[in-house]
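Here is a colleague's note for someone opening this structure for the first time. Please read it with the view beside you and follow the points in order.

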Amino acid sequence: MGQMELTARDGHRLGAYAAAPAGNPRGGIVVVQEIFGVNAHIRSICDRLAAAGYPAVAPAIFDRFERDFETGYAPADIERAKGLMPSFQMDACLLDVAAARDAVASAGKVGIVGFCLGGSVAFAAATRLDGFAAASCFYGGMIQKFAGERARCPVQLHYGADDASIPPENYLDVNARQPDAEFHVYEGAGHGFNCDQRQSYEPASAALAWRRTLDFLARHVG
């Protein structure tokens, strides 16, 4: 499908990338970006989910303050992306996530998968929005801020044991306060271990986390 436009409940229009399966859908998935925008990595996640039978939509959640932003993972890219974070507001972002949810709702149950910032957004969606059947959250450092909130759907959490930006006291606190969540820590993996475009890519952990994610979605979405 490629590029599309979504309209949030407050009237904000944002871009999105959408991928559709070849056959009958198993359910829909919202994919939430890292701080690097709906870039090639996030589009590839949508494509992989579509290949597994799920229509997938990745909303451009930075469109509220930087239209069509996307970048790679070089040091300069990282600093540029970090510079946008002071403009990020979770409540506004969840309006955009809800618009993406509605865009794939005709496929059946809807899940959400997020990475880095998107992992935290996916968890917030699980606790603050209705209409999600499952949330798989990869290395979301801000999840700890919301860990006392009750999830409205099953949650799966993925962390790298060697993540310099998310220390054990962060994810262990999340685990303690979310005892019903499916919790995985990957030894030898750092932040962003699932992304094959980052220096921190760890193939074995990425493959295992992806298998677990697809199994989780199969159980709860379809």
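**Notes on the predicted model**

1. Start with Asp68. At a relative accessible area of 60%, Asp68 is exposed. The cut-off for that word is over 50%. Asp68 sits in the loop between strand S4 (56-59) and helix H2 (75-82). Its phi is near 60°, a positive value in a residue other than glycine. Keep in mind throughout that this is a predicted model.

2. Now go to strand S5, residues 110-115. Is S5 enclosed or open? Six of its six residues are buried, so S5 is largely enclosed by the rest of the structure. Both of its faces are covered. On one side sit Val110, Ile112 and Gly114, and on the other Gly111, Val113 and Phe115; all are buried.

3. Look next at the partners of S5. Strand S3 (residues 28-32) runs parallel to S5, and five bridges join the two. Val32 has Gly114 as its bridge partner in S5. Strand S6 (residues 134-138) also pairs with S5 in the parallel sense, over five bridges. There, Gly111 stands opposite Ala134 of S6.

4. Follow the chain from S5 to S6. Helix H4 (residues 117-128) belongs to this unit. Together, S5, H4 and S6 make a β-α-β unit, and it is right-handed.

5. Stop at Cys116, in the loop between S5 and H4. Its phi is near 60°, positive although the residue is not glycine. Is Cys116 buried or exposed? Cys116 has a relative accessible area of 13%, so it is buried. The cut-off here is under 20%.

6. How many disulfides does a search of the whole structure find? Cys116 is in no disulfide, and the nearest cysteine sulfur, in Cys195, is 10 Å away. For Cys153, the closest cysteine sulfur is that of Cys137, at 8.2 Å. A disulfide needs the two sulfur atoms within 2.5 Å, so 8.2 Å is too far for a bond. Cys153 is also buried, with a relative accessible area of 10%.

7. Turn to the largest pocket. Its volume is about 420 Å³. Lining it are 17 residues, and those closest to its centre are Ile35, Lys82, Cys116, Ser165 and His191. Helices H2 and H4 each supply at least two residues of the lining. Cys116 therefore links two points of this note: it is buried, and it is among the residues closest to the pocket centre.

8. Pro154 lies in the loop between helix H5 (143-146) and strand S7 (155-160). Its relative accessibility is 33%, so it counts as partly exposed. Which residues does Pro154 contact, leaving aside neighbours within four places in sequence? They are Ala133, Ala134, Ala135, Phe216 and His220. Ile42 is 112 residues from Pro154 in sequence and 23 Å from it in space, C-alpha to C-alpha.

9. Glu187 is the next stop. It lies in the loop between strand S8 (182-186) and helix H7 (203-220). With 63% relative accessibility, Glu187 counts as exposed. Not counting residues up to four places away in sequence, Glu187 touches Ala161 and Ser205. Its C-alpha is 26 Å from that of Ala151, 36 residues away along the chain.

10. Ser106 is in the loop between helix H3 (90-104) and S5. Its relative accessibility is 75%, so Ser106 counts as exposed. By contrast, the six residues of S5 are buried. Ser106 and Ser205 are 99 residues apart in sequence, and their C-alpha atoms are 33 Å apart.

11. Finish at the start of the chain. Strand S1 (residues 2-7) and strand S2 (residues 13-19) pair in the antiparallel sense, over six bridges. Glu5 has Gly15 as its bridge partner in S2. S1 and S2 form a hairpin with five residues between them. Gly11, in the turn, has a positive phi of about 95°.

Technical notes
Residues are numbered from 1 along each chain as its sequence is written. This is a predicted model: local features need pLDDT of at least 70, side-chain atom pairs count only at pLDDT 80 or more; totals for chains, interfaces and linings use all residues. Side-chain values use heavy atoms; hydrogens and water are left out. Buried means under 20% relative accessible area, exposed over 50%, partly exposed in between (1.4 Å probe, protein chains only). Helices (H or I, at least four residues) and strands (E, at least two) are DSSP runs, numbered from the N terminus. Two strands pair if DSSP finds at least two bridges between them. A crossover is right-handed if, with the strands pointing away from the viewer, the path from the first strand over the helix to the second runs clockwise. Contact means heavy atoms within 4.5 Å. On a 1 Å grid over the protein atoms alone, a cavity is a set of points where a 1.4 Å probe fits but cannot get out, and a pocket is an open set with protein on both sides within 12 Å along at least five of seven lines; lining residues have an atom within 4 Å of a point. Grid points are joined across faces, edges and corners, and a volume is the space filled by probe spheres set on the points.
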